[in-house]
Amino acid sequence: MKSKFIIEKIQQSKLPQADFSHLVFGKMFSDHMLVADLIDGQWETPKIMPYQALPYEPSAKVFHYAQAIFEGMKAYKDKDGNIFLFRPEDNFERMNNSAMRLGMPPIPKEYFIDGIKELVKLDQDWIPTGDGESLYIRPVYIATENAVAASPSDSYRFMVMCSPAGKYYSGDVKVKIEDRYSRACDGGVGYAKAAGNYAAQFYPTQLAKKEGFQQIIWTDAREHKYLEEAGTMNVFFRIGDKLLTAPTVPESTRILPGVTRKSIIQLAKDHGIDVEVRPVEVAEVIEAAKNGNLKEIFGVGTAATVLPLIGMKYKDYYTDLPQPDDSYADKFKKALMDIQYNRVEDPYGWRVAID
Ligand SMILES: Cc1ncc(COP(=O)(O)O)c(C=O)c1O
């Protein structure tokens, strides 16, 4: 099949210099990247070309008004070397929902889906195969018009880069339940994967880190009464044998609708576990912690997969979190990874082969 992309291959691969034995999340990039430019309303033919620096002027709008969105996905290799994506259409849809909220034109589906497939295929030797390792895929979409008027750009660039990935968190994660700062508000951009959402998290997270907490669980901006999400993860609370997690769009515009979250809800239901998707009060979780009914809390997301949290602080109250023998987090992590790495049948059609 003739490619719909212009392909310019790297002269000499950087692979021989790449050290896969100490993978630090998101620091090393594969040989190629995908680039598609939208100039004055017209898409130019997308290119796959050597990973390289960008040629932008200081006036490019992305630097001033944060018209910038991104996605996060992974490519997995099975024991026979077959390569798979996980629910890529969901990332595509979320990217265009984010684009719409930031006043950016939609990205054509074939650039996103076929572009990623073609890029990953070309750089497949960069997919690490150790336990839990994968190739992290980072699509990003930015405003490139050189003009400092505060209005939407007339030009954009969609890009995809890839990074061999191991664990996202290198140590245990304790969380602080935030009762002062906010990440998102009703009607805002919390549900979009807007770059600015992450910048807004950094300062409060730095403060939490100084207190010994690696992440924040955000609460609603209006009352700081309901638990939302943490860093780059949605959060699940197990009280007794029931799982609770906060609602996303359309009920809430404050929380990113995670692909992992959606998958875990499905897996939980199919494991016969009761899942309540509803606003989760800080007070009920603290009460459950105090009376012994809080069994576990875990974060879920593409980068971290499923991460049991080990401690939680709210105002002056701190508790270590239980790590039960029948952990739901462990059960779902295994079920999810078995599908992602092609170790079991995929009854849901989530796994998408790249061939
Ligand atoms: C703010 C936020 N919440 C949740 C998630 C989890 O989403 P997903 O499971 O699609 O990776 C992410 C990561 O993408 C995120 O950045």
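**From a loop to the ligand**

Reply: Let's start in the loop between strand 2 (32-39) and strand 3 (42-43), where you'll find Asp40. (Helices, H or I with at least four residues, and strands, E with at least two, are DSSP runs numbered from the N terminus.) Asp40 isn't a glycine, yet its phi is positive, near 45 degrees. Before we go on: this is a predicted model, so local features need pLDDT of at least 70 and side-chain atom pairs need 80 or more, while totals for chains, interfaces and linings use all residues. Residues are numbered from 1 along each chain as its sequence is written, and side-chain values use heavy atoms, with hydrogens and water left out.

Another backbone spot to look at is the cis peptide bond from Val249 to Pro250, with omega near 5 degrees. Pro250 belongs to the loop between strand 14 (242-245) and helix 5.

Now for the part to look at closely: what surrounds the ligand? There are 16 residues around it, and the closest are Lys193, Tyr198, Glu229, Thr260 and Thr302.

Zoom in on the polar contacts, which are pairs of N or O atoms within 3.5 Å. Tyr198 has a polar side-chain atom 2.4 Å from a ligand oxygen. For Arg94, a side-chain N or O atom is 2.8 Å from an oxygen of the ligand. On its own the ligand has 380 Å² of accessible area, and the protein covers 97% of that (Shrake-Rupley method, 1.4 Å probe). Strand 13 (233-239), helix 5 (259-270) and strand 17 (294-301) are the elements that each give two or more residues to the shell.

One last stop: the whole structure has 18 aromatic pairs, meaning ring centres within 6.5 Å. Phe112 and Phe158 form a stacked one, 5.9 Å centre to centre with 20 degrees between the planes; under 30 degrees counts as stacked, over 60 as edge-to-face and the rest as tilted.

Notes: Near = heavy atom within 4 Å. Polar contact = N/O pair within 3.5 Å; in protein donor to acceptor, adjacent residues only side chain to side chain. Phe/Tyr/Trp six-rings, centres within 6.5 Å; stacked < 30°, edge-to-face > 60°.
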